[in-house]
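Please look through the sequence and the structure below, and keep them at hand while reading the paragraphs that follow.

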Amino acid sequence: ALRSGLITITTPDCGRCPCLTLHVFNPERIAMSSTPSPLARPFPAMPMIDGVSLHVARAGYKEWGRCDLTFVTLSPGTSVAGVLTQSRCPSPEVDWCRSSLAHGRARALVVNAGNANAFTGHRGRVAVEAIAARVVDYLGCQPSDVFVASTGVIGTALPIPKAEAGLDAAFAAPACDWEDAARTIGTTDTFPKGAVARAIIDGRTVTLVGIIKGSGMIAPDMATMLGFIFTDAAVVPAFLQMALAEANRASFSCITVDSDTSTSDTVLAFATGAAGHAPLTGLESPGADAFCAAMNALCLELAQLVVRDGEGATKFIRIDVTGAESDRSAHRIGMSIANSPLVKTAIAGEDANWGRVVMAVGKAGEPADRDRLSIRFGTTQVAACGLAVEGYDEAPVAAHLKGQEINIGVDLGLGSGCATIWTCDLTHGYISINADYRS
């Protein structure tokens, strides 16, 4: 029999000896169907975290031959923190997580792909409650210990019978690795995304790992679709929340693929405390600075992986804005450039049209002075003081745009505000993927 991403083989009952059941992973059940993005990165070697157990199953939320449900168990006492979408139309899962985060502890995480369960009213809320109740019965924990996230098509309530059957299959499934879990939470993703970081706390090495999914509908005000971070560090919930929120500001909130903020964006961090050091309670705790640095590095790597898998992307674009009146102003100007279809299509076509960058700066609604503005592509200055640079040679810029890693620099000449934004180009592939998304 084939179920839940596993091949299950059971010997017949001969009456002379106990029958034997063997579970073997079927890799085709968790494989991603698309050709990997040309910007893809290989999945890193990621150690398991003490106190974390991963399981995947097939609930069948879509007509696809792959696992689409991830179930994670966490040791008692695990701390949790999260950043969630600022969409005014959030999914019931987001509402559930917001409420559960107030308790600061977690025992389980359930993630499904193929159905966002968003804009589903009372039926969607009932589905989340049913998922939590099933896990509560299995683990003997409190409902607030269970965290739930969903991604996929908006507007269809999560079918409870499929959710419960999928969970039962996950309960029975053997533990899997990080790459299997990363593949299972994907939708239009073309490659599994994971990252690892380490820190020294009180003479002990602690590990942070993260998996994330996201490819389109990426313009988060807080997080990037669905991302999950796990560490064996001992961290009280309040400080874990502070560390994650700080890391988010320079990572997940600094990327965009298409300017669209999801109803379901969720990033959760879980700290099991298995490393055995004294808990981190604040920035004054020994090792707190190292932990925060590791969290920042991990979140930035995960955020950039999402951009590298932007739907139809062929170019990874970094935009550095300096000389703005404030960091906030620089961030808004950077996002204006990154979200401009004209800028993104010019880069897709390898067209050194820096006038489109001028346009995007001007429309951002932030302080700017045309006669102080400077623009560079790669290391080549193309414009300054309201004019093209004298003797400007487009050849090196054209050569830079033929690569996969593109850098645009903008200096406003007004102050010390700065920001870095990451995005990708806009190609015909984006249209094809999203025109056919539901079909």
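Leaving aside its neighbours within four places in sequence, Lys315 is in contact with Leu39, Ile347, Glu350, Leu401, Lys402, Gly403, Gln404, Ile406, Thr423, Cys424 and Asp425. The model shown here is a predicted one, and in this model Lys315 sits in the loop that lies between α6 (288–308) and β12 (316–324). Is Lys315 buried or exposed? Its relative accessibility is 4%, and because buried means under 20%, Lys315 counts as buried. One of the residues in contact with Lys315 is Gly403, whose backbone oxygen lies 2.9 Å from a polar atom of the Lys315 side chain.

The crossing in which α7 passes α9 is right-handed. On the side of α7, the residues that take part are Ile333, Ser336 and Ile337, and these meet Val357, Ala360, Val361 and Lys363 in α9. Sorted by class, the residues of this contact are five nonpolar, one polar and one charged.

Helix α9 also packs with helix α8 (residues 341–348), and here the axes come within 9 Å and cross at roughly 160 degrees. The crossing of α8 with α9 is left-handed. Leu342, Val343, Thr345 and Ala346 of α8 make the contact with Arg356, Val357, Met359 and Ala360 of α9, and these residues divide into six nonpolar, one polar and one charged.

A further pair is formed by helix α2 (residues 121–139) and helix α3 (residues 160–172), which pack at an angle of about 25 degrees, with 10 Å between their axes. That angle makes α2 roughly parallel to α3, and the crossing of the two is right-handed. In α2 the residues Val126, Ala127, Ala130, Ile131, Arg134, Val135 and Tyr138 meet Ile160, Ala163, Glu164, Leu167, Asp168 and Phe171 in α3. By class, this contact has ten nonpolar residues and three charged ones, with no polar residues.

Definitions and conventions:
Residues are numbered from 1 along each chain as its sequence is written. This is a predicted model: local features need pLDDT of at least 70, side-chain atom pairs count only at pLDDT 80 or more; totals for chains, interfaces and linings use all residues. Side-chain values use heavy atoms; hydrogens and water are left out. Helices (H or I, at least four residues) and strands (E, at least two) are DSSP runs, numbered from the N terminus. Buried means under 20% relative accessible area, exposed over 50%, partly exposed in between (1.4 Å probe, protein chains only). A polar contact is a pair of N or O atoms within 3.5 Å; within protein, one must be able to donate a hydrogen and the other to accept it, and residues adjacent in sequence count only if both atoms are side-chain atoms. Contact means heavy atoms within 4.5 Å. A crossing is left-handed if the near helix is turned anticlockwise from the far one by less than a right angle, and right-handed if clockwise. Ala, Val, Leu, Ile, Met, Phe, Trp, Tyr, Cys and Pro count as nonpolar, Asp, Glu, Lys and Arg as charged, and the others, Gly among them, as polar. Axes are lines fitted to C-alpha atoms, for helices over the stretch in contact, and angles run from 0 to 180 degrees between N-to-C directions. Angles under 35 degrees count as roughly parallel, over 145 as roughly antiparallel, 65 to 115 as roughly perpendicular and the rest as oblique.
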